[in-house]
There are 2 protein chains.
Amino acid sequence: MAKNTVITISRQFGSGGRLIGKKLAEKLGIPFYDKELIELAVEESGFSKEVFEKVDERASSSLLYTLSVSPGLMHGVTGMADLPINDKVFLVQTKIIKDVAAKGGCVIVGRCADYILKEFHNVVNVFIRSNMQDRIDRCTNVYGIEMTNANKEIQRMDKKRANYYSFYAHSKWGVAENYDLCINSGRIGIDASVQVIADYVEYFEQARKENAAK
Amino acid sequence: MAKNTVITISRQFGSGGRLIGKKLAEKLGIPFYDKELIELAVEESGFSKEVFEKVDERASSSLLYTLSVSPGLMHGVTGMADLPINDKVFLVQTKIIKDVAAKGGCVIVGRCADYILKEFHNVVNVFIRSNMQDRIDRCTNVYGIEMTNANKEIQRMDKKRANYYSFYAHSKWGVAENYDLCINSGRIGIDASVQVIADYVEYFEQARKENAAK
């Protein structure tokens with residue numbers, strides 16, 4: 001079973017991408033990082049958890065205040081004193097994502113991890129999408145969002161994620177070119193999506209071994 | 001084995017998408033349509049094969065001449081006498097793609113089949129991509145394109161396909177939103193890509209059966 005690959009998961013809001021990532025990590029017996037990255041970043045940076053949660057996966061904006069932080073607090077991340085808070089959080093997360101990826105196979109959700117790890121050779125980048133009705137159903141049944149707000153919330157969250165990706169990864173979110181595997185989860189369900197990714201990763205590891213043996 | 005699904009394959013030039021489609025059709029024991037659509041369209045329309053090959057998968061252009069064709073020749077496709085030749089060819093192919101899809105499972109490569117069949121419920125839309133080095137290797141080793149021209153030819157062909165899709169499908173080619181499954185074939189190889197699609201289609205048919213039973 002594939003255990004040496006870092007799998008990044010980008011996901012449309014309401015597509016079940018986070019759950020797919022969690023189940024995939026369980027299936028493969030490897031660590032799963034989503035909000036867990038915030039905990040690690042809080043420890044690493046000296047920022048408060050509230051700061052991280054506020055700016056997590058948000059692009060920098062001139063409207064956002066600049067938090068002055070002593071560079072001494074930022075272990076291993078220097079020269080950030082004058083950056084907007086979002087950029088500081090992005091740099092701290094970049095360091096943490098590279099650190100966890102260097103340790104071995106894991107699943108990382110969101111946060112431009114595909115872009116951050118583009119120099120790593122053991123990475124498979126996945127994008128999860130679904131059709132609008134499935135996403136609305138998930139938002140209302142699982143996330144507890146009111147039916148009347150679901151469509152608007154989906155568009156708001158997708159826009160936020162696309163902006164974040166565009167700002168930090170300098171590329172278009174949701175374009176097949178940026179991923180190894182894009183799956184419409186709504187057509188086959190969560191568990192089958194997990195299996196399709198697990199199989200792709202297995203083939204990927206086989207191909208790497210064969211290439212290494214040449 | 002999945003036999004009732006129409007699988008459309010869009011593909012970057014040099015990604016092996018056509019070969020993947022052909023092997024998938026053989027594996028599933030269903031018909032394969034790529035250039036075969038031209039033969040059918042020639043029979044259907046009364047246009048010459050040369051006309052079809054010239055404008056196949058090309059967007060309409062004011063520079064292209066309008067061929068005057070007797071509507072009587074266009075069985076089942078009427079009112080086209082004053083359209084540019086590309087649009088006529090697109091309409092003939094649209095009719096043929098709907099006809100072959102209505103007969104049952106098959107694999108159709110290119111020609112906006114995903115857009116043309118969007119009202120069909122038994123369709124899985126696939127996009128095949130690969131990294132540039134793999135595509136250059138395929139162009140030189142398999143298609144016989146000279147190394148010095150490969151990069152340019154890849155960009156020219158991708159642009160042609162993107163324009164064709166944009167013109168007739170009114171949407172962006174290669175955006176995950178338009179497909180059920182996008183695969184980077186270069187990371188896992190041709191045969192593994194065929195297997196990933198076959199498995200997705202199998203899960204898709206299972207999910208359809210389960211939904212129908214509810």
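Helices here are DSSP runs of H or I with at least four residues, strands are runs of E with at least two, and both are numbered from the N terminus. What you have open is a predicted model, where local features need pLDDT of at least 70, side-chain atom pairs count only at pLDDT 80 or more, and totals for chains, interfaces and linings use all residues. Residues are numbered from 1 along each chain as its sequence is written, chains are lettered from A and ligands numbered from 1 in the order in which they are written, and side-chain values use heavy atoms, with hydrogens and water left out.

**Stop one: a strand in chain A**

Select β4(A), residues 123-129. Because 7 of its 7 residues are buried, β4(A) is largely enclosed by the rest of the structure; buried means under 20% relative accessible area, exposed over 50%, and partly exposed in between, with a 1.4 Å probe and protein chains only. On one side you'll find V123(A), N125(A), F127(A) and R129(A), and on the other V124(A), V126(A) and I128(A).

Strand β1(A), residues 6-11, runs parallel to β4(A) over 6 bridges, and I7(A) has V124(A) as its bridge partner. Strand β5(A), residues 181-184, also pairs with β4(A) in the parallel sense, over 4 bridges. Look there for I128(A) opposite I183(A).

**Stop two: the cores**

A nonpolar core is a set of buried Ala, Val, Leu, Ile, Met, Phe, Trp, Tyr and Cys residues joined through side-chain atoms within 4.5 Å. The largest one has 66 residues, and I108, C112 and L117 of both chain A and chain B touch the most other members. Zoom in on I108(A): its contacts (heavy atoms within 4.5 Å) beyond four places in sequence include V6(A), I7(A), Y33(A), L37(A) and V100(A). Apart from this core lies another, of 51 residues, with L28(A), V124(A), A192(A) and A192(B) among them.

**Stop three: a leucine and a helix**

Pick L40(A) in helix α2(A), residues 36-45. At 28% relative accessibility, L40(A) counts as partly exposed.

Then hop to helix α6(B), residues 132-141, and colour its buried residues: R135(B), I136(B), R138(B), C139(B) and T140(B). Their cover includes α1, α7 and α9 of chain B.

**Stop four: the pockets**

On a 1 Å grid over the protein atoms alone, a pocket is an open set of points where a 1.4 Å probe fits, with protein on both sides within 12 Å along at least five of seven lines; lining residues have an atom within 4 Å of a point. Grid points are joined across faces, edges and corners, and a volume is the space filled by probe spheres set on the points.

The largest pocket has a volume of about 870 Å³. Of its 35 lining residues, select those closest to the centre: D180(A), F204(A), N131(B), N184(B) and R187(B). Helix α9(A) supplies the largest share of the lining, 7 residues.

The second largest pocket comes to about 720 Å³. Closest to its centre, out of 33 lining residues, are N131(A), D134(A), N184(A), G186(A) and R187(A). Which helix gives the most to this lining? Select α9(B), with 5 residues.

Technical notes:
Two strands pair if DSSP finds at least two bridges between them.
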